[in-house]
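Please look over the sequence and the fold before reading on. The report below takes the features one at a time.

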Amino acid sequence: MSQIDNLPPLREVINAHGLRAKKELGQNFLLDLNLTARIARVGGSLEGVRVIEVGPGPGGLTRALLAEGAREVIAIERDARALPALAEVSDAYPGRLTVIGGDAMEMDYRLLADGPTRIVANLPYNIGTQLLTGWLTMEPWPPFFESLTLMFQREVAERIVARPGDNHYGRLGVLAGWRTDARIAFNVGKHAFVPPPSVTSAVVHIVPKPVEEGLPVRLVEQVTRAAFGQRRKMVRQSLKSLGVPVEALLAAADLKGDERAETLPIEAFLAMARALPGLRAEG
């Protein structure tokens, strides 16, 4: 399948609209419509689903999402050069594509949801982690979206799915592991993109799961920031930056203090986060 609709091949679209990828916008365009269709299918059937897409560029993934049956796609594009190409996609799928010209970092995504909603995107590399962190720290939880299907650099993908003891385990792995079930769906080689990035990429599928009520995400972030801020030191030392009695904090998580952050289970960070307000009140 080289074509998924009656629109021109993506390479022709890019040439016709002068869409040279801009490094400052983190752009790497996917031209293989077989691949974009595969990404669109990662989360299952799109029938009846509203999809939010960030950084559609010339519209390769957008077209795949629509061809795979998405009820509607809301595409957020900062690069005004891409808007005419996306208008052509909109004309080919009447009433099913809405393009918002603006900065993805400034959107209130909850306002874009309508019924079953998913976020699917080949994220600009320069803002991908920031966007993901924003979606993972939303309150209330579970959030408005059913799932996230996102393209990252492989190294970032490994951080998202990392578990205790893994080399890539850190703050992002704790946050994602606590609030979601995340998996790497497949890798994407450099040459699938124009221009080719310097690293391999990966598509990650993330599904929110229920978490206990009453534990603010900001407390978990404070504990992980302190613990991983000096990740090669024992946690007895790295946790001092929280400004509470460290031994009491360690006791709350049943830790000895000679452990290092990258070895701790997620529950240990949650236990310390639960104890934090009380220890600050005592101080």
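## Basis of the model

This is a predicted model, in which local features need pLDDT of at least 70, side-chain atom pairs count only at pLDDT 80 or more, and totals for chains, interfaces and linings use all residues. Residues are numbered from 1 along each chain as its sequence is written, and side-chain values use heavy atoms, with hydrogens and water left out.

Helices (H or I, at least four residues) and strands (E, at least two) are DSSP runs, numbered from the N terminus.

## The sheet

Seven strands form an open sheet with mixed pairing, in the order S4-S3-S2-S5-S6-S9-S7. Strand S4 (97-101) and strand S7 (180-188) are the edge strands, and each pairs on one side only. From one strand to the next, the twist averages 20°. Two strands count as paired if DSSP finds at least two bridges between them.

S2 and S3 run parallel and share five bridges. Arg-50 stands opposite Glu-72 in S3. Ile-52 stands opposite Ile-74 in S3.

Which faces of S2 are covered? Both are: Arg-50, Ile-52 and Val-54 are buried on one side, and Val-51 and Glu-53 are buried on the other. Side chains in a regular strand alternate between the two faces of the sheet. Five of the five residues of S2 are buried, so the strand is largely enclosed by the rest of the structure. Buried means under 20% relative accessible area, exposed means over 50%, and partly exposed lies in between (1.4 Å probe, protein chains only).

H3 (60-67) is also largely enclosed by the rest of the structure, because seven of its eight residues are buried. Those seven are Gly-60, Leu-61, Thr-62, Arg-63, Ala-64, Leu-65 and Leu-66. Gly-69 follows H3 and has a positive phi, near 105°.

## Helices across the sheet

Helix H5 (residues 128-136) lies across S2, strand S5 (117-122), strand S6 (147-153), S7 and strand S9 (201-208). H5 runs at about 155° to S6. Helix H7 (residues 171-179) lies across S7 and S9, at about 120° to S7. For these angles, axes are lines fitted to C-alpha atoms, for helices over the stretch in contact, and angles run from 0 to 180 degrees between N-to-C directions.

## Pocket and cavity

The search uses a 1 Å grid over the protein atoms alone. A cavity is a set of points where a 1.4 Å probe fits but cannot get out, while a pocket is an open set with protein on both sides within 12 Å along at least five of seven lines. Lining residues have an atom within 4 Å of a point. Grid points are joined across faces, edges and corners, and a volume is the space filled by probe spheres set on the points.

The largest pocket holds about 420 Å³ of space. Its lining has 31 residues, and Leu-25, Gln-27, Gly-55, Glu-77 and Pro-124 lie nearest the centre. Strand S1 (29-30), strand S2 (50-54), helix H3 (60-67) and strand S3 (72-77) each supply at least two lining residues. The lining has 14 nonpolar, 11 polar and six charged residues. Here Ala, Val, Leu, Ile, Met, Phe, Trp, Tyr, Cys and Pro count as nonpolar, Asp, Glu, Lys and Arg as charged, and the others, Gly among them, as polar.

How many cavities of 30 Å³ or more does the structure hold? There is one. The largest cavity holds about 40 Å³. Leu-7, Pro-8, Val-13, Pro-58, Arg-63, Ala-85, Glu-88 and Val-89 line this cavity. Helix H4 (residues 83-92) gives the most to the lining, with three residues. Six lining residues are nonpolar, none is polar and two are charged.

Leu-219 sits in helix H8 (residues 217-229). Leu-219 is buried, with a relative accessible area of 4%. Beyond its neighbours within four places in sequence, Leu-219 is in contact (heavy atoms within 4.5 Å) with Ala-273, Leu-276, Pro-277 and Arg-280. The C-alpha atoms of Leu-219 and Arg-274 are separated by 7.7 Å, although these residues are 55 apart along the chain.

## Backbone details

Most residues other than glycine have a negative phi, and most peptide bonds are trans. Asp-254 has a positive phi of about 55°, although it is not a glycine. Asp-254 lies in the loop between helix H10 (246-252) and helix H11 (266-282). Asp-254 counts as exposed, at 71% relative accessibility.

A cis peptide bond joins Glu-139 and Pro-140, with omega about -5°. Pro-140 is in the loop between H5 and S6. A cis peptide bond also joins Val-194 and Pro-195, with omega about -10°. Pro-195 is in the loop between strand S8 (193-194) and S9.
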